[in-house]
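Thanks for passing this one along. Here are my notes, as numbered points to read beside the model.

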Amino acid sequence: MTQSIVTARRRSNRGRGINLYYLPAVVLLLTFIGYPFVRGIAYSLTNWNGFSPDYSFVGLDQYIRMLSDPRVLTVLVNTLIYAVGSTILQNVLGLLYALLLDQRLRASNVVRTIVYLPIIVSNLIMGYIWYFMVRYNGGALNDVLAAFGQDPVNPLADRTLAVLVIVLANTFQYVGVAMVLYLSGLQSIDRSYMEAAAIDGAGAVRRFWSVTLPLLAPSVTISAVINVIGGLNIFAVIVALTGGGPGYASSSLATITYQLYFGEQNAGYAAALGVLTFLIAAVLGLTTLRFFRRREVEL
Amino acid sequence: MFRKSALLGAAAVITVPLALTACSTDGNDSGGKETITVYSTASEDAAVQRYNDVIAAFEAANPDIRVEVTYPGADYENLLKTQMAANDLPDVFQTHGWTQARYQPYLLDLRGAPWEGDVSPEILPLVTGDNGELLALPISQNKAGINVNIDILADYGIDVPATWDGFVAAAEEITEKSGGEITPIHIAGGDSWPIGSFYNWLAIPALISAPDNDGAALKDGSFDWSHWNFVSQQLKDLQDKGLVNPDIVTAKYVDSAQLMSEGKVAFTFYGQGVVSEVERLNPDIHLQMMPIPSVHPGDTPTWSGGEGDTLAIWKDTEHVDAAKKFVDFVAQPENVKAIIGDTPILSGLTTVTIDSGDAYTTTDDSIRVLPAFDREYFPSGMWDVMCANGQELLAGGLSVEQVTEATKAEYERLRASS
Amino acid sequence: MIRRVLLHVALAVIGLAHLVPFYLLIVLALRRPGSSASIWMPPMDIAWANFAEAWASARLGTGLLNTLIITSASITGAALVGLLAAYPLARRLTRGNGFVYGAIIACMMVPNLTILVPLYRFMVDIQGVNQRWAVILLHITFNLPMIVFLYAGSLRSIPREIDEAAMIDGAGRLRTLFTVLFPLLKPATAAAFVIVGISIWNDFNFSLFFLQAADVKTITVSMSSFFSQYNSYIERAAAGCLISSLPMVALFLAMQRYFIKGLATGAVKG
């Protein structure tokens, strides 16, 4: 017995050895992300077109260009709407669904699977399905409107509505993620807390706000951060629905970077936008993380 | 405790052998065969089949060579650009119209090939390098015009228009006589590239085909950009007069094809690519291509030409002889014919004549075939500029003059950097 | 009780609303190409050929196999490396480790396109193009931050006393990690498999650029052949989509029961 205590103490004193465990991860990340990223940043200081072996160093020209490009502002706003808007919608709906499904009705299993299914389907195909729902000519929505004698609508032609449709499509596809995270969070809340609160006379709503929500805080943090990062990366849905249009009205940083790199053959500028994307993602991600962490109740 | 180790055990049992299988993926075939990689832009069923048949015939005739063919479809260009950046191109690949402007530094000089003297004189300049190299095998060259549903014109007694004003008038007549049932012109602005197509084709009669034209000015940078307003203005007018689909800003190519197959569209600007697609959806629709109507008085209609299918060899390939054998095999007349099939297009070799049947509204050979506008007269990279600005024009975001300004700015940037 | 009725109505509304796109997907998969009927109409003459054509022309069999191999190897590898990495980052809270954790999370923010070309060049140099092992390594790497995030977060809420109790009983650190802590991390593992696993299954960008040879194509890339500039084989794409979702759906249904049980018993007690 004494021997094992001594061994255990000795082991925890050699604390630094434990750090070796993250070495494989660090090596992989440096090799496949760190090093290429540094080279990618280097491109932003050139006028490279993406494929030719000739290009020259232009210093900060691409960044200056970025600051004076009117498209960048539109695209930035869109990207933030996609990230934050989707996150809010997905989390509110996801929580709502999780609360409903936690009631353990027999139908819960079926509905849970149905809500989760879109995640399994590729988001490009889902995007196309949404296009077939909202398109002007023969879209599912317009068919329903026609059945009621109404004129057809074209939401994708309106700059604001197009963004909204994309947020909806993305929410629909990924609300299952938030739902599953909240379900697992809900189911690890000890029932005794809920019973104690009920005994103390708290109604259902009160129980939710004072007991459930604070205990769900870790799930909220994880879900929020995941959704924000996901929202920043929306790509296929935008391509399938609007191609980023009309013009650039519904483009995100991801789609415009792609267009600039491959379409307009402006790899240097695209790289500068890539650095911008990284900074925004870092700021947004960190802010979200800090915001929700502060609200977590550590048991 | 039992379940967790079972899970780990199961995971190991599944993963380890799979990973080992994964590790043993072999790039090159064993068995003494040389493998060459071929990339093709073909995507439609029949086109892919035609290529596969020719490749099978080649492998049968050359048992020591294996061909690994890839059809990337929509991502072809992006893939190749990435591979160029890493200097790791396929042994043989199609240059889809960019032989000189983009791929030239990476191509093997093919002078001395058995088919060298058979290259059709119209297309020879397009596959010749800056120093006289022969850059690619031109299997086919384009002869494209505006798609027209010839039955609709016949039903309303309208002749194929020869001038642009006549074209607009024909569109107005169709709207009137069909009571709005038929959309005269369908452009899928939502997909962006159809707008570029419109600009590309109208630019030919507007700027290039008349005796006194802007061709030279575009190439040496002295172009008077006020002439560009005309093309944008025509597009805007079509929209304002209701002669194009009301959802022109958001419609996708899949919508165009759908409506064309239902006989609800008279004219489109897609060239020969759309013919096989509409045929697949509805074999009863009768599509032909009409020459691009003229704009300036005294001018005549034209076709839009340029490279069709072209095959080139990567200059750093490790399989020079096998690659050359393949290209030479494809260059044989019966193989050129086999690859072209029934696509409405011209052959790039004088040894092959293609009978296009009734793919065109006229068989008049005197109608000139002029080069594809943006490839010949614009620096590389202008295509997306035309598309994006045209989209903004249609969405009401830019005026005609602003489109010209933006296009001119990019033209100058791209000219300076190329 | 009114409450039960209302709940059932709410569930029905949610279920139906979320089924609409699937209904449309199935209609598309079953109808003849070129049909001009409304997308709401179930097709009268069912075009079963769509499935056969999708399978053959896109070689979905090969695609499914490749995707299966790559996804299972990647998620297992990522979970392993991620769990190992999360352990010291959650337990040994030094400034250095905090920095490492931050750097790992920061990797989530790096945009894919910016690193695509340098990554491709690097892959060519290590001869990893068209090799499954290379793409597996990529998937492991790119999903590590998420997995480390999930595991570190969950580990932090497990009291250290559990670690120490196990070690006093003679277990080494690794044994503690895998035999004692891992079972308590079931919710995180579930989340990892469910989120990361599916994202790897549906990956397009890496598979597109790094696995182009016919025998190593994944199913997402194979299905992209249905869409090209002039040809949209929508009906085949829908059919192919249904086919390729089946394994994931089956897995989800199977995993669901296991993980729900695990979630319930995995609740941490202090």
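1. Let me begin with a strand pair in chain B. Strand S1 (residues 34-39) of chain B and strand S2 (residues 65-70) of chain B run parallel and are joined by six bridges. Strands here are DSSP E runs of at least two residues, helices are H or I runs of at least four, and both are numbered from the N terminus. Two strands count as paired if DSSP finds at least two bridges between them. Within this pair, Thr37(B) has Glu68(B) in S2(B) as its bridge partner.

2. A word on conventions, since this is a predicted model: local features need pLDDT of at least 70 and side-chain atom pairs count only at pLDDT 80 or more, while totals for chains, interfaces and linings use all residues. Residues are numbered from 1 along each chain as its sequence is written, and chains are lettered from A and ligands numbered from 1 in the order in which they are written.

3. What do S1(B), helix H2 (residues 45-61) of chain B and S2(B) make together? They form a right-handed β-α-β unit. Right-handed means that, with the strands pointing away from the viewer, the path from the first strand over the helix to the second runs clockwise.

4. S1(B) also pairs with strand S3 (residues 92-94) of chain B, in the parallel sense and over two bridges. Here Tyr39(B) stands opposite Phe93(B) in S3(B). As you trace these strands, remember that side chains in a regular strand alternate between the two faces of the sheet.

5. Now the whole sheet: it is open, has five strands in the order S2-S1-S3-S11-S4 (chain B), and its pairing is mixed. S2 and strand S4 (137-138) of chain B are the edge strands, each pairing on one side only. S4(B) runs antiparallel to strand S11 (residues 310-313) of chain B, with two bridges between them; Pro138(B) has Thr310(B) in S11(B) as its bridge partner.

6. Helix H12 (residues 320-330) of chain B lies across S1, S2, S3, S4 and S11 of chain B, at about 165° to S11(B). For such angles, axes are lines fitted to C-alpha atoms, for helices over the stretch in contact, and the range is 0 to 180 degrees between N-to-C directions. Contact means that the C-beta atoms of two residues, placed from the backbone, lie within 7 Å.

7. Chain A has 13 helices and zero strands. Its C-alpha trace spans about 70 × 65 × 30 Å along the principal axes. The radius of gyration of chain A is 24 Å, whereas a compact globule of 299 residues would have one near 19 Å. That radius is taken over C-alpha atoms, and the globule rule is 2.2 Å times the number of residues to the power 0.38.

8. On to the interfaces. Chain C gives 70 residues and chain A gives 69 residues to their contact. H1(C) supplies the largest share of the chain C side, 12 residues. By class, that side has 53 nonpolar, 14 polar and three charged residues. Nonpolar covers Ala, Val, Leu, Ile, Met, Phe, Trp, Tyr, Cys and Pro; charged covers Asp, Glu, Lys and Arg; the others, Gly among them, are polar.

9. Between chains A and B, the contact takes 20 residues from chain A and 25 residues from chain B. The chain A side divides into seven nonpolar, 11 polar and two charged residues.
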